[in-house]
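Reader: I am new to this structure. Could you take me through how to read the places where ligands sit?

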Amino acid sequence: SAAGLGLGLGLGLGLGLGSGLGFTTAAESAAAPLPLEMRATVVRGFGRGGKLLGCPTANMDMKQIGHLADTIDAGIYFGWAQVIEPDRKANGGAPPPIYKAAISIGWNPQFGNDEKTVEPHLLNEFPEDFYGQDLRIMIVGFLRPEKAFESMEALIDQIQQDIKDTDAALEDPDFQKLKERPFWA
Ligand code: ADP
Ligand code: RBF
Ligand code: MG
């Protein structure tokens, strides 16, 4: 919701500056200090993101993420993401672009998964899938808790709103600066 986004940004900007590092999460998402960085290979999920919801998500290999996934509450977040193509030296080594991403973390209560997953949807059109490639993400701010909706259409509408909120939130100059961190390829 707009109110949740406002609260998250307000707290983040208000409390984040002093530390020089992170942004404090909104009240609903207690634990992890943000931003939180993760890297893992893109693996196959159940294949419903793109086909069923019109929103493909790059599922990250949870074996590689390990305990880091336990340090962040389930929920929908906004952040940055970078796909590292294996043959990037063929590009003259130019650094891969860093895209905005709406990131789903948790058990997808609409579907009742039994594993906690981290799945970013990147705000970019890709000509091809990128399964097996390395993905780096930076989780920047909390949007809302994940939940089960009364219909698939209601979930799809909410996801479209999350993408708009992500797009707007990351225009903040303090969030743009995060693209300069040494974490990125
Ligand atoms: P799965 O359940 O296997 O993750 P999805 O329907 O969620 O299936 O599709 C995810 C795949 O689609 C990603 O792994 C990636 O290769 C590809 N993809 C294409 N465009 C995007 C995008 N904008 N954001 C995330 N993944 C994308
Ligand atoms: N799954 C849910 O069960 N509940 C949600 O509220 C929810 N919100 C999402 C928001 C965004 C922006 C994205 C990208 C995914 C969300 N998902 C949610 C996850 C979705 O169910 C999952 O990506 C697909 O099932 C494919 O794995
Ligand atoms: Mg997916």
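**Reading the ligand sites**

Author: An oxygen atom of ligand 1 is placed 2.7 Å from an N or O atom in the side chain of Tyr131. The model is predicted, and distances like this one are read from its atoms.

Reader: How much area does ligand 1 expose when taken alone, and what percentage of that does the protein bury?

Author: Ligand 1 taken alone exposes 560 Å², and the protein buries 92% of that.

Reader: Which elements give two or more residues to the shell around ligand 1?

Author: Helix H2 (48-53) and strand S5 (117-122) do. S5 supplies the largest share, 3 residues. In total, 19 residues surround ligand 1, with Gly47, Gly50, Asn59, Phe130 and Tyr131 the closest. By class, the shell holds 9 nonpolar, 8 polar and 2 charged residues.

Reader: What are the protein donors of the magnesium ion?

Author: For a metal, one lists the donor atoms. The magnesium ion, ligand 3, has Thr57 (O), Thr57 (OG1) and Asn59 (OD1) as its protein donors, at 2.1 to 2.3 Å.

Reader: Do Thr57 and Asn59 count as buried, or as partly exposed?

Author: The reading rests on relative accessibility, with buried meaning under 20%. Asn59 counts as buried because its relative accessibility is 13%. Thr57 is at 25%, so Thr57 counts as partly exposed.

Reader: Which residues are closest to ligand 2?

Author: Arg48, Gln110, Glu119, Arg144 and Lys147 are the closest of the 21 residues that surround ligand 2. The shell divides into 9 nonpolar, 6 polar and 6 charged residues.

Reader: Where do polar side-chain atoms lie relative to ligand 2?

Author: Here one asks which ligand atom each side chain faces. Arg48 has a polar side-chain atom 2.8 Å from an oxygen atom of ligand 2, and Glu119 has one 2.6 Å from an oxygen atom. In the case of Arg144, a polar side-chain atom lies 2.8 Å from a nitrogen atom of the ligand. On its own ligand 2 has 550 Å² of accessible area, of which the protein covers 99%. H2, strand S4 (99-106), S5 and helix H4 (152-169) each give two or more residues to this shell.

Key:
Residues numbered from 1 in each chain as written. Chains lettered and ligands numbered in written order. Predicted model: local features only at pLDDT ≥ 70, side-chain atom pairs only at ≥ 80, totals over all residues. Heavy atoms only, no water. Near = heavy atom within 4 Å. Polar contact = N/O pair within 3.5 Å; in protein donor to acceptor, adjacent residues only side chain to side chain. Areas by Shrake-Rupley, 256 points an atom, 1.4 Å probe, with all protein chains shown as cover. Helix = DSSP H or I, 4+ residues; strand = E, 2+ residues; numbered from the N terminus. Nonpolar A, V, L, I, M, F, W, Y, C, P; charged D, E, K, R; others polar. Donors = N, O, S within 2.8 Å, 3.2 Å for Na, K, Ca; no water. Buried < 20%, exposed > 50% of the residue type's maximum accessible area, 1.4 Å probe, protein only.
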